[in-house]
Amino acid sequence: GNCLDFLCPANTTDDDRDTSTPCITCDPGTFVKMSTSDPCERHLCPAGRTDDDLRPDTVCAICGPGVYTPPGSAGPCSSFTCDSGTTDDDSNAATACLPCNAGAYVPRGSIGPCSLFLCLAGTADTDQNPETACVALPAGYYSGPGAYGSAALFRCNPGTIDDDSDAATPCIVCPATQTSYVPEGSFGHCDDTKFVCAAGSYNAAGNASVPCVPISTMLGTAQSSSASNVA
């Protein structure tokens, strides 16, 4: 017969270039045309493509952004979607998905730089894991974009207050005072009655970040100091 009758069919190859040996069948993850030679591994689907129908006799499919298909991939493009916590930062299925750092939430199949997925102001990555959603912080707290760590780290400091009950805006410093104390994590207004020193006490330091002390304590200290000076 004609030599053409003995060509290796599509999905097989003359891997040893020896016409006296049979053509071998290649596995999924390759594209092998009719009359192909060389080992199957030289016919792998390139990075960014996949043998989506698991048939080496058909052309490898091109995958879009949000996935990474290494050479020799087999199966639908969706099988190679970037995992949660990683992103296709260059929108190129031929390059590996990039892991993002704490302070972000990166859903599965994300596209774009990690900076696009930072936790918003008023939220925090409390478990420092970009695979999980950022947690909204309550009143009395403040966090900027990309915050991570225990929620307690973001409480308003003593002497400052979340005056709009919005954790996305900074805590404000309360003015000097001898009549009140504003503890950590406070919200409302600096002059709210809940911050006024209890009866019989006052803020000896004149600083809203310092707790009130009993007036009797200060009188005792003054008397002791006076006695010392007399002696």
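A disulfide, as I use the word today, is a pair of cysteine sulfur atoms within 2.5 Å. The model on the screen is a predicted one. By that rule, the count comes to ten disulfides. I will go through three of them.

Start with Cys63 and Cys77. They are joined by a disulfide, with an S to S distance of 2.1 Å. That value falls within the 2.5 Å cut-off, so the pair counts as a disulfide. The torsion about the S-S bond of Cys63 and Cys77 is about -85°, so this link is left-handed. Both Cys63 and Cys77 lie in the loop between strand 5 (61-62) and strand 6 (86-88), and the pair ties together parts that are 14 residues apart in sequence. Are these two cysteines buried or exposed? Cys63 is buried, at a relative accessible area of 8%, whereas Cys77 is partly exposed, at 21%.

Next, Cys26 and Cys40. Here too a disulfide is present, S to S 2.1 Å. The torsion is -85° about the S-S bond, and the link is left-handed. Cys26 sits in the loop between strand 2 (24-25) and strand 3 (36-37), while Cys40 sits in the loop between strand 3 and strand 4 (49-50). Cys26 and Cys40 are both buried.

Last, Cys119 and Cys134, a disulfide with S to S 2.1 Å. This link is left-handed, with -80° about the S-S bond. Cys119 is in the loop between strand 8 (110-111) and strand 9 (123-124), and Cys134 is in the loop between strand 9 and strand 10 (135-136), so the pair ties together parts 15 residues apart in sequence. Cys119 is buried, with a relative accessible area of 1%. Cys134 is partly exposed, with 23%.

Definitions and conventions. Residues numbered from 1 in each chain as written. Predicted model: local features only at pLDDT ≥ 70, side-chain atom pairs only at ≥ 80, totals over all residues. Heavy atoms only, no water. Helix = DSSP H or I, 4+ residues; strand = E, 2+ residues; numbered from the N terminus. Buried < 20%, exposed > 50% of the residue type's maximum accessible area, 1.4 Å probe, protein only.
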